[in-house]
Amino acid sequence: MKSTGARGSVWSTVAVIVGIVAVGTVVAGLLHEPQPEPIAIPGCAEVIQPEDLVRVNYAFVIEGDADVSEVPWRFEAKAQSMTDALIAALPTGATVDPDPFAPAFGFDALAVRQSLDGYADAFGTVTVGDRTGTLTVTVWLSSEPVGPCFAGVVDERSTQADGTVLDIQDSKDASRVIARATDGTRIDVSANGVLTLEHVIDIALAPGLRASAPA
């Protein structure tokens with residue numbers, strides 16, 4: 001599968017396998033290291049600090065636990081309706097050129113059926129006004145809980161009225177949002193060189209991208 005999005009992503013897949021905070025505190029105490037002020041992330045009740053990540057071992061665990069037979073976007077009608085929803089969520093006047101290796105911009109049901117993980121990807125080059133950049137959208141299913149935030153990876157967490165959780169990362173030229181909807185849909189949207197954070201959030205919240213949305 002050709003995803004460059006959520007698979008293996010620190011945001012959505014890091015699972016801490018030892019007592020991070022406890023071990024970090026013990027090590028720091030033994031070495032008499034001063035403890036830095038903890039980093040707070042808006043909207044995050046629990047934040048894993050950078051020093052905790054380097055002091056102990058941790059593992060990357062694939063978050064998505066649905067196989068191909070469970071995802072509705074393996075069918076052409078659902079993949080097309082998701083593509084339509086994605087295009088509709090783009091800002092007015094945006095144009096998209098597909099990836100050179102893809103026949104068109106959007107989700108490919110055949111590629112999903114041929115995959116092992118049930119992820120669906122759409123990526124291309126987007127132009128809005130005088131700005132051109134890349135857009136990558138990855139959709140998958142998971143029953144895993146939202147989990148803590150990781151300092152340096154998430155800038156802000158926002159919980160919507162319907163329970164959807166958004167993990168937001170924003171910089172001058174790039175924005176990324178991972179939406180975790182209550183129906184188990186995970187939507188990872190990354191834009192580089194084009195689209196505002198508000199545009200990226202609009203895409204991540206598009207109802208038609210969710211597994212529960214009718215085709």
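Where is the place of Leu 195? I found Leu 195 in the loop between β11 and α6, where helices (H or I, at least four residues) and strands (E, at least two) are DSSP runs numbered from the N terminus. I noted a positive phi of about 75° for Leu 195, although it is not a glycine. Leu 195 counts as buried, with a relative accessibility of 12%; buried means under 20% relative accessible area, exposed over 50% and partly exposed in between, with a 1.4 Å probe and protein chains only.

**Ground rules and confidence.** I am working with a predicted model, in which local features need pLDDT of at least 70 and side-chain atom pairs count only at pLDDT 80 or more, while totals for chains, interfaces and linings use all residues. Residues are numbered from 1 along each chain as its sequence is written, and side-chain values use heavy atoms, with hydrogens and water left out.

I looked up pLDDT, the predictor's confidence in each residue from 0 to 100, and the protein chain averages 83, with 78% of the residues at 70 or above. I marked residues 10-31, where pLDDT stays under 50 and the model has 48 contacts beyond four places in sequence, contact meaning heavy atoms within 4.5 Å. I marked residues 56-62 as well, where pLDDT also stays under 50 and there are 22 such contacts.

**The sheet.** I traced an open sheet of seven strands in the order β4-β5-β6-β11-β10-β9-β8, with antiparallel pairing; two strands pair if DSSP finds at least two bridges between them. The edges are β4 (95-98) and β8 (156-159), each with a single partner strand, so one side of each has no neighbour in the sheet. Neighbouring strands are turned by 20° against each other on average, direction ignored; axes are lines fitted to C-alpha atoms, for helices over the stretch in contact, and angles run from 0 to 180 degrees between N-to-C directions.

**Helix α6.** I listed the buried residues of α6 (residues 197-204) as Leu 197, Val 200, Ile 201, Ile 203 and Ala 204. They lie on the same side of α6 because they cover an arc of only 160° around the axis, the arc being that of the directions from the helix axis to the C-beta atoms. These buried residues pack against α4, β6 (131-141), β9 (165-170), β10 (174-180) and β11 (185-192).

**The disulfide.** Which residues form a disulfide? I found that Cys 44 and Cys 149 do, with their sulfur atoms 2.0 Å apart, a disulfide being a pair of cysteine sulfur atoms within 2.5 Å. Cys 44 lies in the loop between α2 (20-30) and β2 (47-48) and Cys 149 in strand β7 (residues 149-150), so the link ties together parts that are 105 residues apart in sequence. The link is left-handed, with -75° about the S-S bond, and both cysteines are buried.

**Arg 157.** I placed Arg 157 in strand β8, and it counts as buried at 11% relative accessibility. Beyond its neighbours within four places in sequence, Arg 157 has contacts that include Cys 44, Cys 149, Val 165 and Arg 180. Pro 42 is 115 residues away from Arg 157 in sequence, yet the two are 6.1 Å apart in space, C-alpha to C-alpha.
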